[in-house]
Amino acid sequence: MTQMKWLAGAALAAAAWSGAAQAQTTLTMWYHGAGNEVEAKIVDQIIADFNASQTDWKVEMQSFPQAAYNDSVVAGALAGNLPDILDVDGPVMPNWAWSGYMQPLQIDEAAIANFLPGPKGYWNGQLYSIGLWDAAVALVTRQSYLDELGLRTPTLDQPWTKDEFMAALEAAKASGKFEYAFDPGMAWTGEWYPYAFSPFLQSFGGDIVDRTTYKTAEGVLNGDAAIAFGEWWQGLFANGYAQAAQDPADRDSGFAAGKYAFSWNGNWAAMNTLSQFPDTVFLPAPDFGNGPKIGAASWQFGVSASSQHPEGASAFIQFALQDKYLAAFSNGIGLIPPTATAAAMTDNYKEGGPMAVFYDLTKAQALVRPVTPGYVVQAKVFEKALADIANGADVAATLDAAVDEINADIEKNGGYGH
Amino acid sequence: MSSKFQRSNRAGWVMAGPAAVLIAGFVILPFFFAIALSFTNQRLISPNPTEFVGLANYRQLLGMAVLTVDPVTDDAGQVVMKDGAPEYPSLRSLTRNNPDYPHLQGMREWSSFDWGQSRVYILARDVVFLTAIVNTFIFVIIVAPVQAGLALGLALLINQRMRGINIFRAFYFMPVVVSIVVVSLLWRFIYDGDSGLLNNLLGAISFGAIPPVDWLGNPSTALGAIIAMSIWQAVGFHMVIWLSGLQTISPTLYEAGAIEGASKWQTFRYITWPGLRNTAVLVLIVITMQAFALFAQIDVMTNGGPLDSTQTIVFQAIERGYGKQDISGGSAISVILFVIVLSISLIQRWLTRERT
């Protein structure tokens with residue numbers, strides 16, 4: 001008899017539970033940050049808050065390791081199996097939008113009016129993705145190194161020129177205190193190369209592709225400015241300022257171990273460096289002739305084209321844009337909050353905070369990577385060209401080869417809809 | 001009433017059915033797909049329709065040309081000398097946007113040599129792919145005989161009655177069982193340029209006389225490093241095949257040889273080796289085909305670099321087909337690889353045929 005009662009109770013509970021679940025429509029979501037506990041905690045918190053805040057939608061998240069994320073989305077799209085909400089790396093978004101597996105967001109433009117430009121993902125004049133943070137790269141060094149080497153501290157208004165930068169590297173090399181003067185981060189193969197190094201090329205006056213038409217790379221990736229960039233880049237390695245083949249462990253801990261005088265690194269690594277060396281300074285990118293430049297745009301959220309409930313997916317994304325969540329990401333993993341009001345709520349980016357300089361850097365120097373569906377291929381071609389040049393390949397021939405490959409790809413794709 | 005043979009034949013088909021369906025679906029169908037796609041401009045994902053492009057993918061991959069360039073002459077017709085050698089016009093000025101040489105547009109130097117007064121350039125449309133073909137052939141030509149030989153040596157060593165011989169068998173076979181990705185990762189640490197095991201070992205036995213080498217970061221050592229590691233990894237597998245061949249040789253032959261007073265070499269030359277004939281054919285063909293499929297080690301250890309010194313055919317096929325979303329280009333590479341492996345297998349079969 002008690003058993004019967006227990007069974008009936010269980011059935012009732014099950015019915016109540018399924019009834020509650022039916023009232024809310026489930027939205028699935030994919031996220032690239034598997035393995036990062038702090039990040040997962042914040043995203044889980046946003047999802048829990050959103051699910052509790054209204055009765056229409058219930059978001060369920062599935063996390064992927066970053067290295068496998070893009071492949072998973074492409075495979076999912078081929079199989080017609082995408083979630084409602086997905087996150088996307090900023091420069092990749094145009095490719096996914098053009099390929100037809102993302103749809104424009106249904107978000108009130110007023111909600112993002114105060115955002116930095118980097119986190120806003122526009123393609124064909126429509127907002128497809130929006131980021132809860134931005135990322136920036138700076139020339140990381142220590143005040144004590146600058147003082148010892150007798151170097152001027154560059155500022156946003158007066159960054160180092162190319163000559164000053166090379167003199168700084170020469171001074172660091174001549175001091176004999178460091179294994180290498182400069183750590184560009186050669187061990188981080190993949191998107192790091194175009195993200196971190198193409199701004200150097202743009203500062204020289206070249207680019208990965210001609211942004212006026214997006215139909216050719218001829219003249220911008222192999223013009224005089226680009227060849228000057230290539231010669232400079234090769235010189236970094238040929239003259240012993242940097243190493244072309246870097247051990248990944250050295251990339252992660254080499255600066256902290258005192259192996260490098262200057263490290264070209266992102267704000268996500270800044271918290272560790274600061275705790276190691278309190279006198280760490282983050283210097284703006286050098287000006288190679290066409291103004292100092294750094295890359296913009298990080299991971300962003302968007303809605304898949306196959307979503308049955310785009311209004312729910314957009315509602316979730318808009319919900320996540322609240323300053324308190326933007327600040328939480330910043331405090332948790334050191335990312336740059338996209339609004340000034342959120343920045344004021346953070347420990348590191350508020351006025352006078354130790355990393356506030358990154359916010360200013362992003363505002364002053366950031367340039368998005370080419371906004372074109374062809375970027376996915378162009379990034380790979382650019383990465384290979386830079387690796388080859390660093391290893392001693394002929395600069396002009398390598399850049400010519402990269403131009404031909406990029407142009408052939410653009411042609412094969414009918415101009416990528418530009 | 002059907003014969004016994006036909007009945008069991010039907011049962012056989014039923015049993016083979018699942019495997020046949022899977023092989024048809026995942027091997028044979030993709031094979032024909034690859035051939036068909038290699039004549040189109042198919043992308044991995046694209047809103048554009050697929051178009052038939054004929055042999056364009058093959059022309060792009062295999063296009064080559066020879067160009068003879070005369071040295072630069074001054075107004076008097078004298079050859080201009082630079083650093084003690086005649087100066088030649090830059091190749092770039094001829095192959096890029098030069099209306100006089102439209103057929104060379106986009107070609108690059110693959111190699112060059114001096115012929116009398118002029119310089120001969122061998123140009124290729126896709127230098128990386130040609131490099132991949134050459135690297136793959138170097139890999140096969142070294143790996144096939146060395147791996148087969150080492151495996152035979154190991155098989156002879158462990159083909160004896162001795163206490164604990166199974167421990168040796170297990171040790172030699174172990175790298176085969178471990179995933180190639182894990183093995184490649186471990187060897188990346190072994191080959192590390194600063195603190196790798198290999199460098200430490202060489203430094204220790206030479207008392208520091210051998211400076212550390214960045215095995216995978218140096219274009220002249222990278223392919224060799226991968227060859228050595230690949231031979232080590234799969235040698236155990238072929239050892240087992242040789243071993244099975246050795247154990248099919250009747251012991252009475254050895255006894256007869258011993259009674260006749262045959263030396264160890266004579267025993268091997270006239271009893272063991274002829275008895276291993278069919279095994280040898282199998283091992284060589286399997287190693288050759290596996291060696292042509294070299295991919296995982298490259299993907300994990302070098303990504304084709306440095307300076308294309310470890311590009312291989314399969315790595316290029318996947319890099320283009322999936323990485324650069326160019327399925328048609330990747331398919332064309334697969335078809336070329338298929339033709340290469342097929343012709344080599346046919347040649348091997350012809351060379352090792354039973355002569356009657």
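Me: Into which domains is chain A divided?
Reply: In this predicted model, chain A comprises domain 1 (26-133 + 297-352) and domain 2 (137-294 + 374-417), with bounds from an automatic or database domain assignment. Residues are numbered from 1 along each chain as its sequence is written, and chains are lettered from A and ligands numbered from 1 in the order in which they are written. Local features need pLDDT of at least 70, side-chain atom pairs count only at pLDDT 80 or more, and totals for chains, interfaces and linings use all residues.

Me: How many residues does each domain give to the contact?
Reply: Domain 1 of chain A provides 10 residues and domain 2 of chain A provides 9 residues; two residues are in contact if their C-beta atoms, placed from the backbone, lie within 7 Å.

Me: Which helix gives the most to the domain 1 side?
Reply: Helix α4 (residues 93-99) of chain A does, with 3 residues. Helices are DSSP runs (H or I, at least four residues), numbered from the N terminus.

Me: Changing topic, at what angle do α8 and α16 of chain A cross?
Reply: The axes of α8 (residues 224-238) and α16 (residues 395-412) of chain A cross at roughly 125 degrees and come within 9 Å. Axes are lines fitted to C-alpha atoms, for helices over the stretch in contact, and angles run from 0 to 180 degrees between N-to-C directions.

Key: Helix = DSSP H or I, 4+ residues; strand = E, 2+ residues; numbered from the N terminus.
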